[in-house]
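I opened a new notebook page for this model. The entries below follow the order in which I looked things up.

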Amino acid sequence: EANTADIQAQFNKCKKESMALEQKYQALVELSSEANQNAKSAARENKLKAEEIRVLRLEVEGLRQKHSELTRKNTIDLSDAQEQLSLSKQSRYELLEKLE
């Protein structure tokens, strides 16, 4: 009987330890699952941010090209306007010379 009682006590002790280990294992499984979900979410977010950066870079490049185009156009327009002003001044001087 004493032997049976010792064996029963050891069995109960092992059973408690097994249950405690099972609870710890379940907690670790839950933490692992949460970590996986967080990693997946972060990966999705990073992918979206990378795509947003790519799109913004394309927009910036387009705006740079448009800026260069407008700068060239404005330079040409300014040159044309200066030429017209010069011709207009020349015409006025010629008219003044004729009037004198």
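I began with Asp77, which is partly exposed at a relative accessible area of 35%. I kept in mind that the coordinates are a predicted model.

Next I asked which side chain Asp77 meets in a salt bridge. The partner is Lys73, at 3.2 Å from N to O. I then looked up the spacing: Asp77 and Lys73 are 4 residues apart in helix α1, so about one helical turn separates them. For Lys73 I noted 47% relative accessibility, which counts as partly exposed.

**Other salt bridges**

How many salt bridges does the rule give? The count comes to 3. I wrote down the general point that side chains of opposite charge can pair when their charged atoms come close.

I took Glu51 and Arg54 next. Their side chains meet in a salt bridge with an N to O distance of 2.7 Å. Both residues belong to helix α1, where they sit 3 residues apart, or about one turn of the helix. Glu51 has a relative accessible area of 37% and is partly exposed. Arg54 is at 43% relative accessibility and counts as partly exposed too.

I then checked Lys49 and Glu45, whose side chains form a salt bridge at 3.3 Å, N to O. I recorded 44% relative accessible area for Lys49, which makes Lys49 partly exposed. Glu45 is partly exposed as well, with 41%.

**Nonpolar patch**

I looked for nonpolar side chains at the surface. Tyr93, Leu96 and Leu99 make a nonpolar surface patch of about 370 Å². I placed Tyr93 in helix α1, which covers residues 2-99. Is Tyr93 buried or exposed? Its relative accessibility is 53%, and exposed means over 50%, so Tyr93 counts as exposed.

**Whole chain**

I moved on to the fold as a whole. The chain has 1 helix and 0 strands. I compared its radius of gyration, 43 Å, with the 13 Å that the globule rule gives for 100 residues; the chain value is well over that, so the chain is more spread out than a compact globule. I also took the box along the principal axes: the C-alpha atoms fill roughly 145 × 15 × 10 Å.

What share of the 100 residues counts as buried? I found 0%. Buried here requires under 20% relative accessible area. The accessible surface of the chain amounts to about 9,700 Å², and carbon and sulfur atoms account for 56% of that surface.

My last entry is on charge. I listed 17 positive and 18 negative side chains in the chain. The centres of the two sets lie 3 Å apart.

Conventions. Residues numbered from 1 in each chain as written. Predicted model: local features only at pLDDT ≥ 70, side-chain atom pairs only at ≥ 80, totals over all residues. Heavy atoms only, no water. Patch = residues over 30% accessible without salt bridge, like charges linked within 9 Å, V, L, I, M, F, W, Y side chains within 5 Å. Areas by Shrake-Rupley, 256 points an atom, 1.4 Å probe, with all protein chains shown as cover. Salt bridge = Lys/Arg side-chain N within 4 Å of Asp/Glu carboxyl O. Helix = DSSP H or I, 4+ residues; strand = E, 2+ residues; numbered from the N terminus. Buried < 20%, exposed > 50% of the residue type's maximum accessible area, 1.4 Å probe, protein only. Rg over C-alpha atoms; globule rule 2.2 N^0.38 Å. Lys, Arg positive; Asp, Glu negative; His and termini not counted. Charge placed at Lys NZ, Arg CZ, Asp CG, Glu CD.
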